[in-house]
Amino acid sequence: MKKVEFTVEQVPCSTAPLKYDETLCIGCNRCAEVCQCDILLPSAEKGKHPIVMYPGECYYCGACVMVCPRPGAIRLSHPLMNRAKFVPVKKTEE
Amino acid sequence: MVEAKYSWPYGNEVGQEETIESDVLVLGGGLSGCFAAIAAARKGLSVTLVEKGAVERSGSAGTGFDHWESACTNPCSKVTPEEIAEAYVDEQDWYSNGIAHYIECREGYDRLLDLESFGGKIRDTEDEFAGAEFRDEKTKLMFAYDYENKFTIRVWGSTFKPALYRELKRLGVRVMDRTEATALLVEKASGSRQEIPAEKALAGMQEEKTTGGSQEESGNSVLRGIGAMGMNVRTGKFYVLRAKATVMAMSRPARVWLFSADTTGLCEFRPMQSIGSGHAMGWRAGMEFTMMEKTVRAEFSAAGRSFPPYGAGNNHNTWYAATMVDARGVEIPYVDRDGTELKTVSERYYPAPGQKFFLKGGVIDNPKYEYRGPETLDFEELMKRGYQLPFYADLSRMPEQERRVIWGMMVGEEAKTKIPIYQNYTERGFDPEQHMLQSYGTGWQSANFLEQERQFFGAPGGVMHDWDLKTNLDGVYAAGDQLYASDCAGFACATGYYAGRKAAEYAKTAPLGEVCRADVEAEQERLYAPLYVSGEDGVSWKELNMAISKAMQNYCGGVKCEALLKEGLDLLESFEQEIVPKLTAANPHELMRVHEVLDILTVAELVLHASLARKSSSVPLCFNRSDYPELDPENDRKHIVIHRENGAVTTRDVPLGFFGKLKTEYEKRNQDYIQEVAAREKG
């Protein structure tokens, strides 16, 4: 079989599902290990957070946050259009 | 800023091949696949499980699920498996999977006990809800929906997948994460083709019709599954997976009508990579399908017309029976099936006077009178009475334990809610005692789809099978969402275990089949081809998926007719000829996505063929043919079972009640299991 070289580039998308806090992340890559959509690739630099290589393929399940040993190191946010509205309760006269 | 070029982190194993032999091969590592593997491993057989993601958190219930339906054999249940399974069959006008539903009703609770023994949480061991109306104080089990009959159990499903993963490891199952199964290995022998139902007594009511292909080549060959082929989606390594028996547990199709190139992961309800590869592999190998003509107007796609599941104000499923209010804060009444207004929150959880039980849950939408439970008034009636949009879910008006079990337990344990909804909304300041959550549009789904935007939802089509959950390919079994008219988590676990048990029995006496080298080489060539098409000249997986979904909206949307469907097939065939050879992938991840879209293309063709085969319209199948408008004529109230062999599409008819009397037929075939359960209960 003919040898083939792999290349990879971050595929941009109009939303940012996941953000890392570099001060908290220890680069253990547990998030990349469990992501079922495999959108995270380990950083080339040891100890650094993974790269969100395919943000548009995020399924917003939160498994990465659940498995993270350092609370707050990853944040998941819904696309702006999907942030459902809530308002203070209305008291009516019964 | 120019970033340094990032290099692929996982190595390159393209062209490397490994053969793995096992007694039982399981394709798919969601709930049903895990349970299939556990059942076979418990019988002492060698088991390999292949999963495209990572078993620890993969599948529709990877991050959890919150309630387990049809647990009819739990100690508090006041219903029998027969009552509930038969009710489902009747409710779905017999376009229902009686066999699988009965297995779910009969064995589901045993699987829940299994999950508990693996470390999953199924009861309120910390007494967080002590004294609640929905809790049984002795067993600490907590119930949802019908508090009288207690057959739906609230569970802490976020603990389940890691527990299953540990159990697979403990049992010595070979778990192959990040491995995509791409094709079945099939062996042909002389003799007559397997037909379902295999039993003579249940067969004999079929008529075969063949279209296209060569008559001489089709039919009359026994097909036997002897394993599968696949690929590591990080390195490109190729696998030949030889097995005596195979269980397919690979989800239902998706992204056939709904696609967003931008937020692809949100297109559908189920996970991004669950796109029906099992259906596609099965179809290519000659497997039989039924009800593939059934699709519904879409209900969920957070890439566009809906919100994150369980994340908008509603009173269904996880949120049953939330108090709903209108824009003015006026409460929307709940009524029972007779239209009687219910005065208290508690009454929303009990059957109507004279009703034994009611049905609620994943596939129950607008049930028949007999099974209809408490529900808020219809939208039209609300408008007539002057209620005003938008509506909200207002948990502050509910008793404390009901509020806390919806917001904090159910929203928290249901898939995609712990972080995306519970944690996220809490951080945004949502407090269920002080805020109400908005609903969008006019229905509980907070969604507004067009008629041509279709989805496989509400018990869609899938693999045809017999009482052993065996397909027409000898040695190949199916479970979970792979089955026709599938349902929820309990259905997946129960059918997975059952299929694994039957596959193990088969594997005990079956030999390993002989793999045809030409099949292996052809699959390798097919799999790797996109790696050799340069990005500049090639077509991306997204462009093809977008074209397929538009084609399906145009040619297989809300209204179907022969000419449209044939135009659709013609267009998809032109994609096969002209576009598929141009597909390009720069690494194994992209290659995985390309093959998903090729599977979507196959499924789209299957749907078009199935739609052509049904020459009438049908309410239960949500199927509208403008050239055959007659609704559900008696002659067409049947399964039209479809498969492809040597290029020819063949259909045969199977009566809707082919499964016979549920309890009798089940007990005929499962005495060993019945005795096992009895022994466990005694001991």
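So, salt bridges: across the interface of chain A and chain B, the rule finds five of them. Keep in mind that this is a predicted model. Take the salt bridge where the side chains of A:D38 and B:R178 meet, at 3.6 Å from N to O. Polar contacts cross over too, with 33 residue pairs found between chain A and chain B, both residues at pLDDT 80 or more.

Which elements of chain A supply residues to the side that touches chain B? You get at least two residues from each of these: α1 (30-34), β2 (40-41), α2 (63-67), β4 (74-76) and β5 (86-88). If you sort that side of chain A by class, you find 33 nonpolar, eleven polar and 13 charged residues.

Okay, how much do the two chains bury between them? About 5500 Å², and 56% of it sits on carbon and sulfur atoms. In terms of residues, chain A puts in 57 and chain B puts in 81. Three names to remember here are A:F6, A:Y59 and A:F86: together they supply 15% of the area chain A buries against chain B, more than any other three residues.

Now let's go to the cores. The largest nonpolar core has 201 residues, and B:V24, B:L27 and B:M552 have the most contacts inside it. Helix α14 of chain B, residues 588-613, gives the most to this core, with 14 residues. Let's zoom in on B:M552: leaving out residues up to four places away in sequence, B:M552 touches B:V256, B:W257, B:G557, B:L572, B:A604, B:V607 and B:L608. And apart from that core lies another one, of 47 residues, including B:F269, B:L382, B:M410 and B:F457.

Notes:
Residues numbered from 1 in each chain as written. Chains lettered and ligands numbered in written order. Predicted model: local features only at pLDDT ≥ 70, side-chain atom pairs only at ≥ 80, totals over all residues. Heavy atoms only, no water. Core = buried A, V, L, I, M, F, W, Y, C linked by side-chain atoms within 4.5 Å. Buried < 20%, exposed > 50% of the residue type's maximum accessible area, 1.4 Å probe, protein only. Helix = DSSP H or I, 4+ residues; strand = E, 2+ residues; numbered from the N terminus. Contact = heavy atoms within 4.5 Å. Buried area = accessible area lost by both parts, 1.4 Å probe. Salt bridge = Lys/Arg side-chain N within 4 Å of Asp/Glu carboxyl O. Polar contact = N/O pair within 3.5 Å; in protein donor to acceptor, adjacent residues only side chain to side chain. Nonpolar A, V, L, I, M, F, W, Y, C, P; charged D, E, K, R; others polar.
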